[in-house]
Structure formats: C-alpha cells, structure tokens
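This report covers a model with its sequence. Please read the text with the structure open.

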Amino acid sequence: MSSTEPLWEVFIRSKQGLDHKHVGSLHAADAKMAIENARDVYTRRMEGVSIWVVESKYIHSTNPDESESLFDPANDKVYRHPTFYELPDEVKYM
Amino acid sequence: MNSKAINIAKKNLVDFTLFLADSSLMMGHRLSDWTGHGPMIEQDIAITNIALDLIGQSRNFYQYAAQLINIQNDKKITEDDLAYLRDANEFKNLLITELPNGDWAFTTTKLFFFSAWQFYFYKQLIYSKDEQLAAIAEKSLKEVTYHVRWSSDWVIRLGDGTEESKSRMENAILNLWPYIDEMFVPAAFEENLKNSVSIDVNNIKNKWIEKVKSVFAEATLSIPEKMWMQNGGKNGVHTEHLGYILAEMQFMQRAYPGLEW
C-alpha cells in the first residue's frame, strides 16, 4: 500500500523549542493522514507540540557535488562576522 | 446509612468501576492483536498506541476498584488480581469489546462505535460525585477524543473508498449493530448510582446516534434497519469469545501465580 502513497517529510517543534526540526519521514495518502501518522509515530514520547508535514517532492536541496563552490568561499571572509565592534559598557548585556 | 446500605452502595460503585475497567481492557487487549500485523507501519503504530491508551485507562479504574474492595477486606488485592484472576462471568465489559478484530474495516468501525460512546460517556462522567472517577474520566477524555478522530477518519476513507472497501464497511456495520443497544441500556448498578456517581445513559444515546449519522453521511454509509439486539455483558453474560480471550490473557498468572517480570 505505501508504495503508491506519497512520501512526506515531518518537522516537529519541541516543547521548549522555537523552530520545527526535521525528525523523519512517512507515507500517507494525503495531508490529514500525514499529520495523524506523524502524531502517532513521532510524538509518542512528548517529542513535540507542533507538527509540520511537507510532501517530499516539494523540498528542494543543494547538490553535494556543488558544495565546494556554494559554501567554501564563505570560510575565509572574517570581515563578514559582526565581531569587530566593541560594545560600550552601558549596553554590554544587550 | 446502616452498614448493609453502605455495603450495597459500595458494591454498586465497585461494579460500576469494574464495568468501565473491563470494557477498556477488553478493547485494548483485542486491538493489541494487531501488533506487527497492521496494514502499514504507521497504522500498526497508531492502533497499538490506542491499545496502550485503553489499557492505561483500565489500570486507573482497576486500581481504584482494588482500593475500594480492600477497605473492607483483610486479604488485600491489586489491579492484577482483578484483571487476571476473575472468571468470565465476573467480567462486566460491553459485548462489543470482546468481538474479534476481523479485517481493518471491522476493527476501525468497532473502535469508532466504542470510542464515540466513551467520548459522550466520559464527558458526562467528569461531573460524577465520585472524585476519583471524575478525574479518570477527565484524563481519559483527551485520549478518547483522538481515538474518535482517528477511527472516524478510517470509517470515512473506507466507506467512501473503493467498491471493496465500501462492501467491507457495510458488512462490518451489519455485524456490529446488534451490539450497540447494550451501550445505552443501564445495568442495575448504573441505575442505582444514576443521580450521583454514574451517568444517565439515555442522555448520551441521541448524541451518539447524531455523531454516527454525521460520520456515516461523509462516508456514504447508512445506519442499518432495526434489528435484534444483544445484551448481558454488564451482568457477566458474555459471547463465546470471552472464554478464549481470558484463557490466553490469564494463562501465565493462573499457571504461575505471583509471576513477575
């Protein structure tokens, strides 16, 4: 049965969290079933309080072969980091 | 109240608690048979989760019943004695809970009928004068709300599905319908506690019917014609299934009394 059902990626926001994290994937016939399946499979141990599901085909990702040209150039550009300004004492704990 | 009246009141309360415990345990136990056999991994996990929820509910009720029984007895018992050492004619579960699982259509419809009953029952039971029962009802209501949602979803998918799924659903409904009436016919212990501890099941019958009708409408299914209704579970008169269930469920405790993990 699951070979004809689409694959969905599941993202869960934990109780203390701010962002939804990717926790895995599952098969389901439609969005409603995907949410229920995610609730049953991925929140058994109180892992989260909010669920997002997205059909896997709608997630687009970078190609590992292209990692060098996409990510390496950022490695040696320290002037892009916000670490050179010294905060005055009055706002030290900003 | 003299002590005889107190004993009778106590017996009603114990019987009522056992009725709720046994019903949850039997349904949970039957559903657990799907472990490893679900049609898809996600549904296998879903239905075993539901089975665990129900067994957990039964434990709350059994612990309370044991507590009540122990007040007047020297030999102290536990929840395990009540679940594993009573015989079939002492069990008070609704008959629908001991029926076999059949196919997925039969199981999900059986669960839908039972969960919808539990939902309206517990929604009233939270107002019970017995604080412990009210508390158990409140906690169980959240789980049952999800059970109703999950099972009604399957009733709709299968009812409004293929020709095969629809005919399996119609078959399931016809075979389950004789067990519906019992949910709304009070046993003596329910009647005796009606205005304090227990609820008036007549109050929830219409709500249950409306819920079933609305889900069936979406599922393009219909309610069967009036038919002969089965009865007796609440009074220890059961179908032939219960004996087999208990023989398997109780074997270890009866063969090796006091056995622990």
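The model is predicted.

**Chain B**

Chain B contains ten helices and zero strands, so the order along the sequence reads α-α-α-α-α-α-α-α-α-α. A compact globule with 261 residues would have a radius of gyration near 18 Å, and chain B agrees with this because its own value is 18 Å. Along the principal axes, the C-alpha atoms of chain B fill a box of roughly 60 × 45 × 30 Å. Buried residues make up 39% of the 261 residues of this chain. Among the contacts in chain B with a separation of 6 or more, 74% join residues 24 or more positions apart.

One helix can be checked for length. Helix H4 of chain B covers residues 104-125, which is 22 residues. At 1.5 Å a residue, H4(B) should span 32 Å; the C-alpha atoms at its ends are 30 Å apart, which agrees. H4(B) is also mostly covered, with 18 of its 22 residues buried.

**Chain A**

Three strands of chain A form an open sheet in the order S2-S1-S3, with antiparallel pairing.

Strand S1(A), residues 7-13, pairs with S3(A) in the antiparallel sense over six bridges. One bridge partner in S3(A) is Val54(A), which is paired with Glu9(A). Helix H1(A) lies across S1, S2 and S3 of chain A and runs at about 130° to S3(A).

| Element | Residues |
|---|---|
| Strand S2(A) | 20-27 |
| Helix H1(A) | 31-42 |

**Contact between the chains**

Ten residues of chain A are in contact with eight residues of chain B. On the side of chain A that touches chain B, the elements giving two or more residues are strand S2(A) and helix H1(A). Which element gives the most to this side? H1(A) does, with four residues. By type, the residues of this side of chain A are four nonpolar, three polar and three charged.

Note on methods: Residues numbered from 1 in each chain as written. Chains lettered and ligands numbered in written order. Predicted model: local features only at pLDDT ≥ 70, side-chain atom pairs only at ≥ 80, totals over all residues. Expected span 1.5 Å × (residues − 1). Buried ≥ 20, exposed ≤ 12 C-beta atoms within 10 Å, placed from the backbone. Contact = placed C-beta atoms within 7 Å. Nonpolar A, V, L, I, M, F, W, Y, C, P; charged D, E, K, R; others polar. Rg over C-alpha atoms; globule rule 2.2 N^0.38 Å. Pairing = 2+ DSSP bridges. Axes fitted to C-alpha atoms, helices over the stretch in contact; angles between N-to-C directions.
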